[in-house]
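Here's a quick briefing to read alongside the model. Have the sequence and the 3D view open, and we'll go through it topic by topic.

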Amino acid sequence: MESYKTLEIVRKNTDSSVFHLNLNRPSQFNALSLDFFVEFPIALSSLDQNQDVAVIVLSGAGKHFCSGIDLSSLSSISERSASGDRGRSSERLRRTIKSMQAAITAIEQCRKPVIAAIHGACIGGAVDLVTACDMRYCSEDAFFAIKEVDLAIVADLGTLQRLPSIVGHANAMELALTARRFSAREAKDLGLVSRVFGSNSELDKGVNTIAEGVAAKSPLAVTGTKAVLLRSRELTVEQGLDYVATWNSAMLISDDLNEAVSAQLKKRQPRFSKL
């Protein structure tokens with residue numbers, strides 16, 4: 001597999017279609033460097049195009065999931081944007097922000113489900129990452145904070161856009177304005193994570209079991225469900241129903257459907273072709 005400066009791709013079992021994408025700067029608590037924003041969409045695209053991949057688990061190496069944006073990266077961006085004509089500097093900064101946003105949005109553009117497995121710190125830019133994921137789980141030692149206001153900036157990589165639909169507008173506003181730290185249990189109560197595991201090892205085992213369960217399902221149904229749910233956020237119910245009707249008119253009649261029905265009737269596990 002391709003080598004990355006900030007990431008590692010691991011397939012724990014050669015027979016598994018669950019691949020692990022690890023943030024891999026443990027000595028920096030997986031802080032998100034400028035290299036990360038280049039490498040991350042490339043890694044996701046390679047996993048998306050790999051027929052052996054059905055589900056991606058996003059996690060962090062070392063003590064923490066991710067401590068947020070690397071402060072040296074912020075300094076570098078600020079320095080590059082501070083010179084020359086004001087209009088051109090601002091346009092250059094806007095392009096940088098849009099490129100970084102696109103790196104996070106690559107999670108949603110990936111056809112395969114991306115599951116976040118969070119332990120330790122999940123701060124600032126890390127919240128941008130996990131709110132773009134399709135499912136989120138954490139260990140009991142996990143803690144979260146939307147820290148951008150403490151750095152005198154407005155969070156601009158997706159948290160303010162995605163978090164309200166996950167935890168509600170009022171909760172998102174309170175968390176973003178106070179920048180306060182909140183626990184794994186509160187994250188569960190808010191709906192940010194679906195389940196809290198007692199330890200990191202339990203998190204790894206539990207998320208892997210969930211991922212394997214999703215990977216065993218029809219890849220056409222799984223990728224379609226992700227696509228329709230993401231699209232439906234922007235639509236009325238009537239528009240969403242129309243969208244899924246159009247989707248299923250193209251995808252419903254498939255070998256996967258025949259195999260699923262046959263497996264149900266014969267009381268056996270279905271076997272689906274790779275996507």
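Does A152 count as buried or exposed? At 72% relative accessibility, A152 counts as exposed. Keep in mind that this is a predicted model.

**The six-stranded sheet**

- The strand order in this open sheet of 6 strands is β1-β2-β3-β4-β6-β9, and the pairing is mixed.
- At the edges sit β1 (7-10) and β9 (195-197), each of which pairs on one side only.
- Neighbouring strands here are turned by 25° against each other on average, direction ignored.
- β1 and β2 (residues 18-23) run antiparallel and are joined by 4 bridges; within that pairing, E8 has N22 of β2 as its bridge partner.
- Helix α1 (residues 34-49) packs on the sheet and touches β1, β2, β3 (55-60) and β4 (114-118). The direction of α1 makes about 15° with that of β1.
- β2 and β3 run parallel, with 6 bridges between them, and F19 stands opposite I56 in β3.

**A closer look at β3**

- Why can we call β3 largely enclosed by the rest of the structure? Because 6 of the 6 residues of β3 are buried.
- In a regular strand, side chains alternate between the two faces of the sheet.
- Both faces of β3 are covered: V55, V57 and S59 are buried on one side, and I56, L58 and G60 are buried on the other.

**Nonpolar cores**

- As a rule, nonpolar side chains in soluble globular proteins tend to be buried together.
- The largest nonpolar core has 53 residues, and the members touching the most other members are L21, I118 and F144.
- Helix α1 supplies the largest share of this core, 6 residues.

- β5 pairs with β7 (residues 143-145) in the parallel sense over 3 bridges. C122 stands opposite F144 in β7.
- D128 lies in α4. With a relative accessible area of 1%, under the 20% cut-off, D128 is buried.
- Which residues does D128 touch, not counting those up to four places away in sequence? They are I104, E148, L157, G158 and T159.
- D128 and L220 are 92 residues apart in sequence and 27 Å apart in space, C-alpha to C-alpha.

- Domain 1 puts 10 residues into the contact and domain 2 puts in 5 residues.
- About 580 Å² is buried between domain 1 and domain 2, and carbon and sulfur atoms give 55% of that area.
- On the domain 1 side, E108, R111 and D134 lose the most area to domain 2, together 58% of what that side buries.

- G84 is in the loop between α2 (71-81) and α3 (86-109). At 71% relative accessibility, G84 counts as exposed.
- G84 and L71 are 13 residues apart in sequence, with 23 Å between their C-alpha atoms.
- Most residues other than glycine have a negative phi.
- A152 has a positive phi of about 65° although it is not a glycine; A152 is placed in the loop between β7 and α5 (159-167).
- K267, also not a glycine, has a positive phi of about 55°. You'll find K267 in the segment after α11 (255-266), where K267 is exposed with a relative accessible area of 76%.

Notes: Residues numbered from 1 in each chain as written. Predicted model: local features only at pLDDT ≥ 70, side-chain atom pairs only at ≥ 80, totals over all residues. Heavy atoms only, no water. Pairing = 2+ DSSP bridges. Helix = DSSP H or I, 4+ residues; strand = E, 2+ residues; numbered from the N terminus. Axes fitted to C-alpha atoms, helices over the stretch in contact; angles between N-to-C directions. Contact = heavy atoms within 4.5 Å. Core = buried A, V, L, I, M, F, W, Y, C linked by side-chain atoms within 4.5 Å. Buried < 20%, exposed > 50% of the residue type's maximum accessible area, 1.4 Å probe, protein only. Buried area = accessible area lost by both parts, 1.4 Å probe.
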